Amino acid sequence: MLNLPINKSHRIARKGRTTRPPKKSGQWIRKEKRRAIYLLDGCKCRLCGKTEVELKKAGTCLSLDHLVLWSDFGSNKVCNLITLCMNCNNKRKDTKLDEFLVGKSESFIKEIVARLAYNEKDLAVYKVAAKFWIANGSDIHSYPSI
């Protein structure tokens with residue numbers, strides 16, 4: 001079993017949220033924060049490595065995945081979210097984080113541990129870039145520089 005640095009910032013108290021998932025996919029987090037997390041992760045799936053452009057050509061897209069599952073009251077903070085493509089996200093389903101990391105590369109596990117310790121304030125520069133990108137049409141072929 002891995003010793004992952006999961007603490008209360010990765011979870012929401014039961015009284016603070018119902019167990020129901022969001023109404024529609026993509027509506028549980030603001031557009032600029034979603035795009036900022038994609039930028040933080042290099043606009044690619046952190047598991048298979050496919051870029052947003054490659055995924056769009058294949059008819060799929062990037063998504064955000066909770067490290068501590070939504071069903072386990074995982075929070076929507078950056079330290080609990082990671083960019084995965086829809087295929088990798090669907091393969092994970094409701095697998096607990098410890099089980100999900102079994103057999104994964106050491107570098108991927110290090111990325112997850114680093115994300116669990118990520119400070120929300122450090123996302124500010126990515127949010128600025130994301131707002132600019134969204135305001136200018138979100139052209140996925142011209143990534144903003146950070």
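**Cysteines and helix packing**

The count of disulfides is 0, where a disulfide is a pair of cysteine sulfur atoms within 2.5 Å. The model is predicted: local features need pLDDT of at least 70, side-chain atom pairs count only at pLDDT 80 or more, and totals for chains, interfaces and linings use all residues. Residues are numbered from 1 along each chain as its sequence is written, and side-chain values use heavy atoms, with hydrogens and water left out.

**Cysteines**

- A disulfide is a covalent bond between the sulfur atoms of two cysteines.
- For Cys-45, the closest cysteine sulfur is in Cys-48, at 3.6 Å, which is too far for a bond.
- Cys-45 is buried, with a relative accessible area of 1%; buried means under 20% relative accessible area, exposed over 50%, and partly exposed in between, with a 1.4 Å probe and protein chains only.
- Cys-88 is in no disulfide, and the nearest cysteine sulfur, that of Cys-85, is 3.6 Å away.
- Cys-88 also counts as buried, at 7% relative accessibility.

**Helix 1**

- Helices (H or I, at least four residues) and strands (E, at least two) are DSSP runs, numbered from the N terminus.
- Helix 1 spans residues 31-40 and is mostly covered, with 8 of its 10 residues buried.
- The buried residues of helix 1 are Lys-33, Arg-34, Arg-35, Ala-36, Ile-37, Tyr-38, Leu-39 and Leu-40.
- These buried residues pack against helix 2 (52-57), strand 1 (62-66), strand 2, helix 5 and helix 6 (124-135), with contact meaning heavy atoms within 4.5 Å.
- Lys-33, which lies in helix 1, counts as buried at 10% relative accessibility.
- Leaving aside residues up to four places away in sequence, Lys-33 touches Asn-76, Lys-77, Val-78, Glu-120, Leu-123 and Lys-127.

**Helix 5**

- In helix 5 (residues 106-116), the buried residues are Phe-108, Ile-109, Ile-112, Arg-115 and Leu-116.
- Seen down the axis of helix 5, these buried residues fall within an arc of 120°, so they line one face of the helix; the arc is that of the directions from the helix axis to the C-beta atoms.
- Glu-106 and Lys-110, on the other side of helix 5, are exposed.
- The buried residues of helix 5 pack against helix 1, strand 2 (81-85) and helix 4 (97-101).
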